Amino acid sequence: MSVSPPNLFQFAMDNTNDEFANPSDLTVLLNAIGSAGKFISSEINRAALRDIFGSAGSANVTGDDQQKLDVIGDNVVAEALLSTGLVCAMSSEENAGLIDCGDAAVTGEYCVVYDPVDGSSNIDVAAPIGTIFGIYRRLSEGVPAGDVDILRPGNEMLVAGYVLYGSSTIFCYTSGDGVHFFTLDPTLGDYLITEENVRSHGSSHVYSANEGNSGKWHDPDLNWVEHVKSEGYSGRYIGALVADFHRNLMKGGIYAYPGDKSSPDGKLRLLFECAPLAFIAEQAGGAASNGKTAIRNIEPTQLHHRTPMYIGNADEVALLEGFHSRA
Ligand code: AHM
Ligand code: MG
């Protein structure tokens, strides 16, 4: 009889570190997000059957049309985290301000930033989407946690991860000691480890960018994209950051979402999308930059702070930065 590989719960228990208030906290937090991920995965698989495709008829704080699954996912992740009693502050892409954490706002030790359903324009076409999260240890003491606990650069993050809802459901996380992949076994309802200490794939001459926007790009990005095309790079763009990032992590490549003439800060959110993935990229030996500065060193000035981002293989990010430094 074969023995099952470790599940997320066992692995996190065995791989906690002294950055956490209690040894079990990492397990409890990852388990909460993993449970939310199972629920979202099951909702996605049955979305057409349950009439939860399409728009919720509302817009989020940055004006994006909210999909029904954005709203469902946001509530599911928040409720799962609140149920731990460990979270004092939460902020998500779908909320203008901090999410109310009740009594735990004073007693909880951790702050969580998340994007519940990233790439939501993919929902209606059954293409991959993802959940992204980052966890900080609180700074304030004895008062309800506030912006000071959340508005922090990615280099202060304790844990970052994502759940990719693709042809299989993958849970990925780092707590500063390597990057680990778990795959949801739907028959067991459990995430089982499938890759420990993932390393960023070497350069494979792949770039992922919405080149349809290039008419608005600035010269460094135009020069870079002409260069990589002249070198014979392939383009691969799914339009869901988690999926593009995951593919490039495994197969090699760079994802680019530049600032442009109409959106100088690009589209992506520093706290909910960029900083967590930057932590994972660096832990795997890759890199993430806004063209000049490492993403993890950028101080957010507001919850919905946006930034250009280039992320993936370290050599490819350095090549891109060269075009920006010569500008
Ligand atoms: P979202 O959080 O509203 O889904 O926006 C983020 C998504 C990323 O997942 C993806 O890479 C990008 O937006 C795609 O944008 P575009 O359609 O402009 O190429
Ligand atoms: Mg998003």
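A: First, a cut-off: a residue counts as exposed when its relative accessible area is over 50%, and as buried when that area is under 20%. The model discussed here is predicted.

Q: Why is Ala126 called exposed?

A: Its relative accessible area is 74%. The cut-off for exposed is over 50%, so Ala126 is exposed.

Q: Where is Ala126, and what is its phi?

A: Ala126 sits in the loop between β4 and β5 (129–137). Its phi is near 55 degrees, a positive value in a residue other than glycine. Most residues other than glycine have a negative phi.

Q: What makes Asn197 partly exposed?

A: The relative accessible area of Asn197 is 42%. Partly exposed lies between the buried limit of 20% and the exposed limit of 50%, therefore Asn197 is partly exposed. Asn197 belongs to the loop between β9 (190–195) and β10 (206–209). Its phi is positive too, about 50 degrees, although Asn197 is not a glycine.

Q: How do you know that Asp118 makes a polar contact with ligand 1?

A: A polar side-chain atom of Asp118 lies 2.8 Å from an oxygen atom of ligand 1. The limit for a pair of N or O atoms is 3.5 Å, so the pair qualifies.

Q: How much of ligand 1 does the protein cover?

A: The protein covers 85% of the 470 Å² of accessible area that ligand 1 has on its own.

Q: Which residues have the most contacts inside the largest nonpolar core?

A: They are Tyr162 and Ile280, in a core of 43 residues. Helix α8 (residues 270–283) gives the most to this core, with 10 residues. Domain 1 (8–195) and domain 2 (206–325) each supply at least three residues.

Q: What does Ile280 touch?

A: Setting aside residues up to four places away in sequence, its contacts include Tyr162, Cys172, Val179, Phe245 and Leu249.

Methods: Residues are numbered from 1 along each chain as its sequence is written. Chains are lettered from A and ligands numbered from 1 in the order in which they are written. This is a predicted model: local features need pLDDT of at least 70, side-chain atom pairs count only at pLDDT 80 or more; totals for chains, interfaces and linings use all residues. Side-chain values use heavy atoms; hydrogens and water are left out. A nonpolar core is a set of buried Ala, Val, Leu, Ile, Met, Phe, Trp, Tyr and Cys residues joined through side-chain atoms within 4.5 Å. Buried means under 20% relative accessible area, exposed over 50%, partly exposed in between (1.4 Å probe, protein chains only). Helices (H or I, at least four residues) and strands (E, at least two) are DSSP runs, numbered from the N terminus. Domain bounds come from an automatic or database domain assignment. Contact means heavy atoms within 4.5 Å. A polar contact is a pair of N or O atoms within 3.5 Å; within protein, one must be able to donate a hydrogen and the other to accept it, and residues adjacent in sequence count only if both atoms are side-chain atoms. Accessible areas come from the Shrake-Rupley method with a 1.4 Å probe; for residues, only the protein chains shown count as cover.
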